[in-house]
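Hello,

Here is the structure for you to look over. My notes follow below it.

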Amino acid sequence: MDYELLMQKCIELAKLGEGQVSPNPLVGCVVLDENNNIISTGYHHFYGENHAERDALLKLKNNEAKNGTLIVNLEPCSHYGKTPPCADLIIERGIKRVVTGMRDVNPIVAGNGIKKLQEAGIEVIEGILENECKRLNEVFIKNMTEHKTFVAIKSAATLDGKIAAKTGDSKWITSSAAREEVKDIRKRYDAILTSSGTIIADNPTMKHKKKVIIDRLLKTDFINSNIYQEGDIYVFYDESLNPPDIQNIHFIKAPAANNKIKPEYVLEKLYELGIMSVLIEAGGHLNGSFLDYTDKIYQFIAPKIIGDNSALSAYDYREVKKISDAKTFNVRLIKEFPPDILVVLD
Ligand code: AOF
Ligand code: ZN
């Protein structure tokens with residue numbers, strides 16, 4: 001059996017839950033009958049609802065999956081949570097082989113699901129497309145193992161790393177195809193994060209259910225700026241000031257040093273607020289100050305060169321004396337959005 005191909009299908013199914021399942025992992029499942037025909041598929045649709053295995057198995061009659069194989073990108077769970085254990089249902093349905101991509105990093109499961117299946121006499125094949133499965137759930141893994149919010153930055157710049165001319169003119173650096181892709185990237189994150197500088201310069205809307213704004217001096221227009229017109233809004237400001245009283249905006253006071261709110265503090269608060277992943281879309285100042293806490297970068301590059309030292313940079317305000325002090329990433333993916341490219345780094 002080509003389990004890699006079937007695992008790839010699980011990953012694709014799992015992605016249908018993007019933006020809906022946080023803080024749970026993305027999980028997809030394929031069920032084969034005893035002759036290895038695909039008889040059902042499923043995925044984790046929404047937080048609190050059925051897990052992928054249950055979603056797939058409940059579409060079948062009680063005995064349809066007997067002696068069949070179940071493929072799933074994450075170890076089936078063994079605990080009573082919002083739903084009963086998936087491992088129990090797999091056993092009940094008479095599955096004879098389970099193929100998984102990775103162990104669950106949630107300590108209440110962590111190997112117990114596999115053990116439960118094996119003790120019931122089910123053959124378990126582990127680690128199929130393990131790297132791809134781990135990448136799919138990079139947010140869940142960071143949350144579970146480090147108890148921290150996953151941080152990504154999206155930026156669009158010229159080949160020389162500039163996001164605006166010195167006059168502030170920035171429309172448009174990248175093509176509309178690239179800008180459409182950004183909407184898709186946003187959906188994968190619990191919240192987007194931007195700065196007062198970006199709001200004042202561009203007055204963006206940044207459609208999203210949760211928006212985090214760093215406005216140290218409380219200088220944005222909280223009534224009229226596009227960004228405040230919808231969504232849950234969290235504004236971080238310098239603790240020495242007093243925020244206005246505006247409905248629908250959560251003002252969060254934060255310690256500041258060297259003219260900036262401490263990124264560590266913001267990220268800790270976001271985790272406390274249940275924001276498990278955040279996409280930063282801002283200018284060089286904010287990008288530079290969060291760079292050391294960043295897990296992933298979506299960098300769009302336009303085939304344009306400004307060539308002016310006074311133009312604004314995508315990453316700035318850091319002090320780097322040696323190349324060895326530069327923040328270094330790996331190239332994960334390169335994709336074309338003609339005439340631009342997207343480079344994904346992690
Ligand atoms: C699976 N398949 O589709 C998911 C799993 O709050 P609950 O009850 O939904 O449980 C969440 C935990 O269950 C989550 O942290 C992870 O360990 C596991 N999620 N497991 O077998 C799924 N979503
Ligand atoms: Zn489960």
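A residue is called buried when its relative accessible area is under 20%, exposed when it is over 50%, and partly exposed in between (1.4 Å probe, protein chains only). By that rule Lys142 is buried, with a relative accessible area of 10%.

Two notes on conventions. This is a predicted model, in which local features need pLDDT of at least 70, side-chain atom pairs count only at pLDDT 80 or more, and totals for chains, interfaces and linings use all residues. Residues are numbered from 1 along each chain as its sequence is written, chains are lettered from A and ligands numbered from 1 in the order in which they are written, and side-chain values use heavy atoms, with hydrogens and water left out.

**Overall picture**

The protein has 346 residues, and 50% of them count as buried. Its C-alpha trace spans about 70 × 45 × 35 Å along the principal axes. The secondary structure comes to 10 helices and 18 strands. Both kinds of element are DSSP runs numbered from the N terminus: helices are H or I with at least four residues, strands are E with at least two. A contact means heavy atoms within 4.5 Å. Take the contacts with a separation of 6 or more: 66% of them join residues 24 or more positions apart.

**Two domains**

The protein is divided into domain 1 (3-137) and domain 2 (148-345). These bounds come from an automatic or database domain assignment. Five residues from domain 1 and six residues from domain 2 make the contact. The C-alpha centres of the two domains lie 36 Å apart. About 460 Å² is buried between domain 1 and domain 2, and carbon and sulfur atoms give 46% of that. Buried area here is the accessible area (1.4 Å probe) that two parts lose on being put together, summed over both.

What polar links cross the interface of domain 1 and domain 2? There are two residue pairs in polar contact, both at pLDDT 80 or more. A polar contact is a pair of N or O atoms within 3.5 Å; within protein, one must be able to donate a hydrogen and the other to accept it, and residues adjacent in sequence count only if both atoms are side-chain atoms. The rule also finds one salt bridge across this interface.

**Salt bridges**

A salt bridge is a side-chain nitrogen of Lys or Arg within 4 Å of a carboxyl oxygen of Asp or Glu. The count by this rule is 20.

Start with Lys142 and Asp295. Their closest N and O atoms are 2.9 Å apart. Lys142 lies in helix H6 and Asp295 in the loop between helix H10 (284-290) and S15, so the pair ties together parts that are 153 residues apart in sequence. Asp295 counts as partly exposed, at 23% relative accessibility.

Next, Arg332 and Asp346. This salt bridge also has its closest N and O atoms 2.9 Å apart. Arg332 sits in strand S17 (residues 331-337) and Asp346 in the segment after strand S18 (340-345), 14 residues away. Arg332 is partly exposed, at 35%.

Salt bridges that share partners join Glu18, Glu181, Asp184, Lys187 and Arg188. Within it, Glu18 meets Arg188 at 3.9 Å, N to O. Glu181 meets Arg188 at 4.0 Å, N to O. Glu181 is buried at 13% relative accessibility, while Arg188 is partly exposed at 28%.

**Helices H6 and H9**

Which residues of helix H6 (residues 138-146) are buried? They are Glu138, Phe140, Ile141, Lys142 and Asn143. The buried residues of H6 pack against strand S4 (97-102), helix H5 (130-136), strand S6 (150-158), H9 and strand S15 (296-302). His147 follows H6 and has a positive phi, near 55 degrees.

In helix H9 (residues 263-272), the buried residues are Pro263, Val266, Leu267 and Leu270. Seen down the axis of H9, they fall within an arc of 95 degrees, so they line one face of the helix. The arc is that of the directions from the helix axis to the C-beta atoms. Glu268 and Glu272 are exposed, on the face turned away from the buried side of H9.

**Ser313**

Ser313 is in strand S16 (residues 312-313). Ser313 is buried, with a relative accessible area of 18%. Leaving aside neighbours within four places in sequence, Ser313 contacts Gly161, Lys162, Ile163 and Gly284.

Best wishes
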